[in-house]
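Please look over the model shown below before reading on. The briefing that follows treats the contacts between its chains and the positions annotated in a sequence record.

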Protein chains: 4
Amino acid sequence: MAKSKYEYVKKFERNDSLLPNTWLVIRVDGRGFHKFSDKHGFVKPNDQKALELMNKCAENVMNDFRDIVLAYGQSDEYSFVLKKECSLYDRRETKIVSTIVSLFTSNYVFNWNKYFPDKELLYPPSFDGRVVQYPDDNNLRDYLSWRQTDCHINNLYNTCFWALVHSGKTETEAENVLRGTVSSEKNELLYSQFNINYNKLPEMYRKGSVIIRQEVSNLKYHLYVISLGTLYTAHSRKD
Amino acid sequence: MAKSKYEYVKKFERNDSLLPNTWLVIRVDGRGFHKFSDKHGFVKPNDQKALELMNKCAENVMNDFRDIVLAYGQSDEYSFVLKKECSLYDRRETKIVSTIVSLFTSNYVFNWNKYFPDKELLYPPSFDGRVVQYPDDNNLRDYLSWRQTDCHINNLYNTCFWALVHSGKTETEAENVLRGTVSSEKNELLYSQFNINYNKLPEMYRKGSVIIRQEVSNLKYHLYVISLGTLYTAHSRKD
Amino acid sequence: MAKSKYEYVKKFERNDSLLPNTWLVIRVDGRGFHKFSDKHGFVKPNDQKALELMNKCAENVMNDFRDIVLAYGQSDEYSFVLKKECSLYDRRETKIVSTIVSLFTSNYVFNWNKYFPDKELLYPPSFDGRVVQYPDDNNLRDYLSWRQTDCHINNLYNTCFWALVHSGKTETEAENVLRGTVSSEKNELLYSQFNINYNKLPEMYRKGSVIIRQEVSNLKYHLYVISLGTLYTAHSRKD
Amino acid sequence: MAKSKYEYVKKFERNDSLLPNTWLVIRVDGRGFHKFSDKHGFVKPNDQKALELMNKCAENVMNDFRDIVLAYGQSDEYSFVLKKECSLYDRRETKIVSTIVSLFTSNYVFNWNKYFPDKELLYPPSFDGRVVQYPDDNNLRDYLSWRQTDCHINNLYNTCFWALVHSGKTETEAENVLRGTVSSEKNELLYSQFNINYNKLPEMYRKGSVIIRQEVSNLKYHLYVISLGTLYTAHSRKD
């Protein structure tokens with residue numbers, strides 16, 4: 001069998017190993033989730049069940065990949081942090097990102113019915129993924145702060161926007177009201193017009209969710225899904 | 001809001017655009033499918049329904065991404081060929097591979113019940129993905145020949161192996177019988193001992209499946225899922 | 001000796017092999033040659049000896065690296081074309097580009113006195129380098145056309161500019177005269193004001209230089225340094 | 001002028017920016033220097049003048065690139081350390097490595113006569129270069145220790161080898177004597193047979209050379225070329 005005749009084509013595969021001794025962040029992002037959440041009637045601005053489903057998917061990814069030490073999620077995205085000394089798949093970039101995105105997606109469809117027992121999944125959702133390397137702990141902490149800040153900014157805006165829309169304004173009118181407003185004005189608008197104290201809203205909506213792994217022993221660990229105000233500083237695991 | 005303070009972390013993202021004017025092949029591979037097929041009682045050596053489910057997933061991926069001109073599948077893997085002039089996501093490698101793997105996976109779980117109405121999906125399956133660039137048509141054709149040769153070699157072996165096992169041999173005994181045999185000996189074994197004419201077995205098992213897109217117009221195209229003996233030579237689409 | 005203790009640092013080296021079966025172009029570019037040509041009193045707009053020195057360096061690079069099939073030079077740059085099947089240094093990008101740039105530079109300093117016997121080299125000149133991969137012959141031909149077009153545009157401009165300056169205009173005045181003019185106007189200016197027929201100027205100035213290798217046998221080849229109007233189409237070498 | 005028609009070829013250039021916030025090490029290595037040192041009659045095992053010429057080249061490279069904080073050289077190689085926050089050429093890999101290798105090479109040829117006034121340079125020498133990224137200070141320190149250990153091992157061996165050869169042994173005989181010996185045996189051999197106390201030999205031969213930059217002010221700095229026993233730990237510059 002002339003197998004060898006064709007095998008040269010393997011040489012066109014690129015070695016895409018990532019730099020050793022850097023934090024690896026894999027961020028999974030919903031593809032077309034604006035439309036997806038519309039079609040499936042997600043509660044606006046935050047759908048508790050949809051966020052819990054995201055957390056469940058992330059939890060299962062962490063159970064499968066022990067090198068993930070922390071995950072942070074908000075809206076339709078989740079970031080997974082692999083420890084610096086991780087040697088998963090020889091740190092090959094596309095292998096790592098494709099496998100994690102695939103497992104996350106699979107869990108999303110697989111677990112849909114547990115979170116939405118009365119809602120049929122109308123079509124298969126999908127996610128994209130990317131990998132970023134961070135050389136030191138400060139860079140990683142700032143990455144997580146960046147995503148959490150993004151969560152805050154978007155959620156404050158969306159809370160105002162949907163309060164206005166639910167009170168009878170059109171989407172265009174709501175946008176016009178909010179254009180150019182700063183945080184304090186949005187807080188004030190929520191309080192004065194809708195009697196909403198933004199800081200009393202659930203932390204999961206305002207701050208996102210964090211999953212941390214606590215190693216109890218080599219064979220055992222706990223995962224904690226937490227909605228919290230301040231992210232812990234990330235540290236390399238001591239060996 | 002000190003958003004800008006953290007945004008520098010975006011600079012750590014690598015630009016991973018692939019070379020222009022090359023064929024892009026994305027190969028999706030089942031992760032741990034040996035165990036998965038055992039747990040779900042797939043018929044050996046080939047489960048018709050499982051292969052049809054793979055074909056369905058590939059078809060839906062091709063419906064979503066118009067730049068895919070051809071797909072080739074066998075066993076638990078599928079290769080998607082994007083045309084040379086493809087500018088999908090600016091040809092960013094991880095964006096392309098993660099999205100295609102995710103959509104394939106999502107379809108697998110989503111459509112499971114249609115192909116296995118009496119079989120519960122026990123846990124979420126996953127796939128990995130890789131990207132290979134091929135500069136010219138000959139390289140691409142050889143890539144497809146390589147995967148088809150792989151299909152043939154594995155399927156001939158597996159057909160013998162499972163015939164022996166189904167006839168009462170242990171797996172170890174079957175392996176011993178087959179060790180060192182060449183193709184003609186395996187064909188002879190199937191014919192003389194099990195009255196199986198290998199060349200009369202379904203082409204989908206022996207050769208894999210090909211999906212080609214026939215553009216009818218800018219707005220319309222047909223997808224043909226074909227099990228065929230000889231792969232067509234790939235050509236760049238004329239514009 | 002605890003050598004092994006430190007050797008892990010080699011793992012941080014990236015495998016930067018280029019894609020097989022693509023044309024490799026290495027372009028070497030003078031660094032700060034505007035100042036360098038001023039300091040060394042190069043004749044403007046073209047210094048015959050300086051161009052001949054560039055050609056000599058390129059010739060010696062081609063003598064050292066047999067995988068280079070063609071080189072094209074103009075002004076303070078030179079492009080080297082390595083054949084598609086080239087396996088020099090396993091096609092490692094930084095190894096290839098650094099070695100070629102180094103050898104080119106070394107030749108420039110080494111041969112300076114032969115071309116400028118009466119002019120002392122005042123300080124060590126340097127060059128940078130880059131690598132570009134071209135999948136097919138058309139891309140490569142267009143690359144060469146691009147550099148030759150660049151040569152033409154710059155040389156026509158510079159010929160006008162220096163004619164004006166040599167006739168007594170300041171550099172600023174010369175720039176003002178030329179701002180917004182098209183090719184035909186520049187040709188007309190040269191002819192009417194300076195009696196220069198641009199198309200009669202030496203081809204090396206107007207079109208650049210090409211070095212091609214003619215293989216006579218496995219052991220012997222000729223290099224031809226040519227100043228020519230139309231570049232030959234590049235073809236892969238038949239084996 | 002149909003310039004735009006060809007300019008698409010620029011899109012084939014890859015963006016090869018290195019990861020931010022990592023130490024960058026550029027190592028320059030002599031190409032074929034075994035033959036080069038033979039042809040030019042370098043004193044064995046160490047040629048004081050040849051090492052001083054290498055140091056001079058490194059010094060001039062450091063004068064040109066202020067982002068280099070430290071350089072380490074031994075034999076025919078030199079490593080340049082660029083600080084973590086270096087943004088030279090947007091951290092583009094081939095631009096950085098090609099420019100530094102070119103400038104080093106240029107200095108080597110340019111300064112040859114100052115170090116070897118009575119020895120003609122017979123042909124142009126060349127160097128290759130590579131880039132390695134190190135995420136933290138320990139990795140960088142271990143890199144430097146690795147090169148210094150390499151210097152020690154090679155120099156101890158070469159000192160024995162050339163002592164034997166200079167005493168009348170053939171090169172093959174010398175190799176046979178040294179095969180399998182450990183450091184202590186080599187030290188003993190030097191002392192007992194040749195009355196050489198290895199630890200009293202010049203530090204530059206045994207340990208290599210280090211060049212450090214001491215910033216006196218924004219406008220002024222000192223370079224110190226040092227031959228020393230223990231390398232300083234590298235630290236990021238405070239800003």
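Between chain A and chain B of this predicted model, the count is 26 residue pairs in polar contact, with both residues at pLDDT 80 or more; a polar contact is a pair of N or O atoms within 3.5 Å, where within protein one atom must be able to donate a hydrogen and the other to accept it, and where residues adjacent in sequence count only if both atoms are side-chain atoms. Eight salt bridges are also counted between chain A and chain B, a salt bridge being a side-chain nitrogen of Lys or Arg within 4 Å of a carboxyl oxygen of Asp or Glu. As for conventions, residues are numbered from 1 along each chain as its sequence is written, while chains are lettered from A and ligands numbered from 1 in the order in which they are written. Local features need pLDDT of at least 70 and side-chain atom pairs count only at pLDDT 80 or more, whereas totals for chains, interfaces and linings use all residues, and side-chain values use heavy atoms, with hydrogens and water left out.

**Interface of chain A and chain B**

- Chain A and chain B each bring 53 residues to the contact, where contact means heavy atoms within 4.5 Å.
- About 4,700 Å² is buried between chain A and chain B, 60% of it given by carbon and sulfur atoms; buried area is the accessible area (1.4 Å probe) that two parts lose on being put together, summed over both.
- Of the area that chain A buries against chain B, 14% is supplied by Arg31(A), Phe110(A) and Trp146(A), more than by any other three residues.
- One of the salt bridges joins Arg31(A) to Asp64(B), with the closest N and O atoms 2.9 Å apart.
- On the side of chain A that touches chain B, the elements giving two or more residues are helix 1 (3-7), strand 1, helix 4 (93-115), strand 4 (126-134) and helix 5 (137-166) of chain A; helices (H or I, at least four residues) and strands (E, at least two) are DSSP runs, numbered from the N terminus.
- Helix 4 of chain A gives the largest share of that side, namely 14 residues.

**Symmetry of chain A and chain B**

**Annotated positions in chain A**

- An unreviewed UniProt entry places the feature "binding site" at Asp29(A), Gly30(A), Arg31(A), Gly32(A), Phe33(A), His34(A), Ser75(A) and Asp76(A); UniProt positions are given in the numbering used here, feature names are shortened, and annotations may be inferred rather than shown by experiment.
- These positions are spread over 48 residues of sequence and yet cluster in space, the largest C-alpha distance being 12.6 Å.
- Arg31(A) is found in strand 1 (residues 23-31) of chain A and counts as partly exposed at 24% relative accessibility, given that buried means under 20% relative accessible area, exposed over 50% and partly exposed in between (1.4 Å probe, protein chains only).
- Beyond its neighbours within four places in sequence, Arg31(A) is in contact with residues of both chains, including Ser126(A), Phe127(A), Asp64(B) and Tyr89(B).
- Asp29(A), also in strand 1 of chain A, counts as buried at 14% relative accessibility, and its side chain makes a polar contact with the side chain of Arg27(A) (3.4 Å).
- Asp76(A) lies in the loop between strand 2 (68-74) and strand 3 (77-82) of chain A; leaving aside neighbours within four places in sequence, its contacts include Asp29(A), Phe33(A) and Met54(A).

**Interface of chain B and chain D**

- A rotation of 180° with 0.0 Å of shift along its axis superposes chain B on chain D, with an RMSD of 0.0 Å.
- Both copies use the same surface, as 100% of the contact residues of chain B recur in chain D.
- Six residues of chain B are in contact with six residues of chain D, and the two chains bury about 550 Å² between them, 73% of it on carbon and sulfur atoms.
- In chain B, the most area is lost to chain D by Phe12(B), Asn15(B) and Pro20(B), together 69% of what that side buries.
- Across this interface of chain B and chain D, zero salt bridges are found, and zero residue pairs are in polar contact (both at pLDDT 80 or more).

Key. Least-squares fit on C-alpha atoms with pLDDT ≥ 70 in both.
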